[in-house]
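Visitor: I am new to this structure. Please walk me through the words used for it.

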Amino acid sequence: MLQQDSNDDTEDVSLFDAEEETTNRSKKSKIRHPVASFFHLFFRVSAIIVYLLCELFSSSFIACMVTIILLLSCDFWAVKNVTGRLMVGLRWWNHIDEDGKSHWVFESRKASPQEGKTVSEAESRIFWLGLVACPVLWVVFAFSALFSFRVKWLAVVIMGVVLQGANLYGYIRCKVGSRKNLTSMATSYLGRQFLRQTTGDTQTTSGE
């Protein structure tokens with residue numbers, strides 16, 4: 001009887017661990033900020049659709065250009081100030097110090113183990129897919145406009161490359177910068193441990 005009870009306890013623990021692991025996976029795959037995820041793609045995809053179809057629905061180049069620039073500007077502001085911070089915990093910004101010097105800051109939010117805040121994998125995929133794919137399309141549009149001699153559209157396309165490329169560059173710097181910080185911390189920790197071990201071995205040898 002005692003042996004049977006111990007086996008039951010072991011099974012309960014394994015089932016509890018499996019349930020907790022499943023819960024953690026569902027939290028990571030869940031979209032926590034659906035509104036931010038929607039607008040992360042809405043403005044940039046809308047700008048591309050308007051660029052591709054505007055000549056079919058409107059003959060006014062000025063109206064098409066203004067609409068695309070407005071969508072690109074809204075996308076730049078939303079991605080830089082809202083969706084990057086909410087969806088992947090990254091933020092980049094600029095400030096001017098008292099001496100008038102401009103400083104660029106690339107930040108990565110640290111996860112809090114007490115609150116259990118982790119980046120959703122689904123939101124991360126949506127964020128990086130939209131962030132990388134759309135600037136690539138604008139680069140393709142730039143070459144297409146250049147080689148087809150659509151000079152009037154070239155300024156609009158360059159605006160799309162610059163605004164969306166700036167966000168891509170900023171968030172890549174945030175991501176790479178956070179990895180560099182982790183690498184330097186790990187290197188310094190290993191260096192301290194090696195120094196302690198070397199010092200301890202030296203003291204032991206001298207004591208003998």
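The talk below takes up the terms in turn.

Visitor: What kind of model is this?

Guide: This is a predicted model, where local features need pLDDT of at least 70 and side-chain atom pairs count only at pLDDT 80 or more, while totals for chains, interfaces and linings use all residues. Residues are numbered from 1 along each chain as its sequence is written, and side-chain values use heavy atoms, with hydrogens and water left out.

Visitor: Why is Ile-48 called buried?

Guide: Buried means under 20% relative accessible area, exposed means over 50%, and partly exposed lies in between (1.4 Å probe, protein chains only). Ile-48 has a relative accessible area of 9%, so the residue counts as buried.

Visitor: Where is Ile-48 found?

Guide: Ile-48 is in helix α2. Helices (H or I, at least four residues) and strands (E, at least two) are DSSP runs, numbered from the N terminus. Other buried residues in α2 include Ala-36, His-40, Phe-43 and Tyr-51.

Visitor: Which residues is Ile-48 in contact with, leaving aside neighbours within four places in sequence?

Guide: They are Cys-134, Leu-137, Trp-138 and Phe-141. Contact means heavy atoms within 4.5 Å. As for Ile-68, 20 residues along the chain from Ile-48, the two C-alpha atoms are separated by 8.0 Å.

Visitor: What makes Asp-75 and Arg-44 a salt bridge?

Guide: The rule asks for a side-chain nitrogen of Lys or Arg within 4 Å of a carboxyl oxygen of Asp or Glu. Here the N to O distance is 2.9 Å, and the pair meets the rule. Asp-75 lies in helix α3 (residues 61-87) and Arg-44 in helix α2, so the pair ties together parts 31 residues apart in sequence. Both residues are buried.

Visitor: How many salt bridges are there by this rule?

Guide: The count is three. One of them joins Arg-150 to Glu-55, with the closest N and O atoms 3.4 Å apart. Arg-150 lies in the loop between α4 (121-147) and α5 (151-207), and Glu-55 in helix α2, so this pair ties parts 95 residues apart in sequence. Another joins Arg-91 to Glu-107, with the closest N and O atoms 2.6 Å apart. Arg-91 is in strand β1 and Glu-107 in strand β2, so that pair links parts 16 residues apart in sequence.

Visitor: Why is Glu-55 called partly exposed?

Guide: Glu-55 has a relative accessible area of 48%, so it falls in the partly exposed class. Arg-150 is partly exposed as well, at 27%.

Visitor: How do you know that β1 and β2 pair?

Guide: Two strands pair if DSSP finds at least two bridges between them. Seven bridges join β1 (residues 90-96) to β2 (residues 102-108), and the strands run antiparallel. His-95 stands opposite His-103 in β2. The hairpin has five residues between the strands, and Gly-100 takes a positive phi near 85°.

Visitor: Where does UniProt place the feature "transmembrane region"?

Guide: The unreviewed UniProt entry puts it at residues 35-53, 59-79, 126-147 and 153-172. UniProt positions follow the numbering used here, feature names are shortened, and annotations may be inferred rather than shown by experiment. In the model, residues 35-53 are 100% helix, with end C-alpha atoms 26 Å apart. Residues 59-79 are 90% helix, with end C-alpha atoms 31 Å apart.
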